[in-house]
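Thanks for coming, everyone. I would like to walk through one model today, beginning with the ligand surroundings and then turning to the sheet.

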Amino acid sequence: MNPPIALTIATSDPSGGAGIQADLKTFSALGAYGTAVLVALTAQNTHGVTGVHVVPTAFITQQLETLVADVSVDAVKIGMLANAEVVNTVADFLERHRPPSVVLDPVMVATSGDRLLDASAVRDLRDRLLPLADLVTPNLPEAAALLETEPAREDEEIIRQADALRELGVARVLLKGGHRVESAESADYYVDGDVSRWLRAPRVDTTHTHGTGCTLSSAIAALRPRRPDWLSAIEDAKRYVTQSLRAADAVKVGSGHGPVHH
Ligand code: PLP
């Protein structure tokens, strides 16, 4: 059987831990054929981002249209989009051409504190892109930004915020609880129209978590075409991320916040 073709629409991280580089490594590790449309470049190492260079939107469209004119994409992962013009360009494209599975990772701020999406772009991401995705994978601060509220701290609040995100027009939400550092587990909450479920994994004791979110969303996109439903793809993707976190200390990259390892 031909491997599923996965597309990442995202940004370069030259340090290789996050962004397009993490997405392609993940696609490859999970048996998908990886394609990539770059919307921006960062200058970045394991200490942080020193600059962002955005691709002109007409050329983002040209990359996307040229690719899909020839290649049949099974699943898309959308990552760092930098600004509102890029958000709207990707939304315009998905309105014209929507592959079978679309995973939106609403990347906003890096663990290093650097902004990866202009604050003014959050509204367009919520109003235009969210309804075009099949699944959105926010962490707690991203969910709060989309809902213009404070990050959830308790389980009931997480459930309420995930439901509120669905009401904004996206079919499925995976709200990632990894930012609750006081918790001994990493508990994510999944909800769609029929099913709601806590997905729990023991917290992995490492500071090398760079690229965790990118890896999870691209793992879901890689696995969804070969799984019977979204939940089983998400469960397997979470197992893959836990394994990548466990392997993180085995690879030494830079002197800062190092990457997960595939
Ligand atoms: N750089 C790029 C290009 C990204 O896409 C992301 C996350 O999506 C990051 C940096 C930040 O990664 P982290 O917060 O895991 O360090």
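A residue is near a molecule or strand here if its C-beta atom, placed from the backbone, lies within 6 Å of it. This is a predicted model, in which local features need pLDDT of at least 70 and side-chain atom pairs count only at pLDDT 80 or more, while totals for chains, interfaces and linings use all residues. Residues are numbered from 1 along each chain as its sequence is written.

Around the ligand there are 18 residues, of which Ala 18, Gly 19, Met 80, Ala 110 and Thr 111 come nearest. The elements giving two or more residues to this shell are strand E1 (5-12), strand E2 (33-45) and helix H7 (212-223), where helices (H or I, at least four residues) and strands (E, at least two) are DSSP runs, numbered from the N terminus. Helix H7 contributes the most, with three residues.

Now to the sheet, in which two strands pair if DSSP finds at least two bridges between them. Nine strands make an open sheet with mixed pairing, in the order E3-E2-E1-E4-E5-E6-E7-E8-E9, and its edge strands, E3 (48-54) and E9 (196-202), each pair on one side only. Within that order, strand E5 (residues 101-104) runs parallel to strand E6 (residues 135-136), and two bridges join them; Val 103 has Leu 135 as its bridge partner in E6.

Finally, which residues does the record annotate as a domain? The unreviewed UniProt entry gives "domain: Pyridoxamine kinase/Phosphomethylpyrimidine kinase" for residues 13-261, with positions in the numbering used here, feature names shortened, and annotations that may be inferred rather than shown by experiment.
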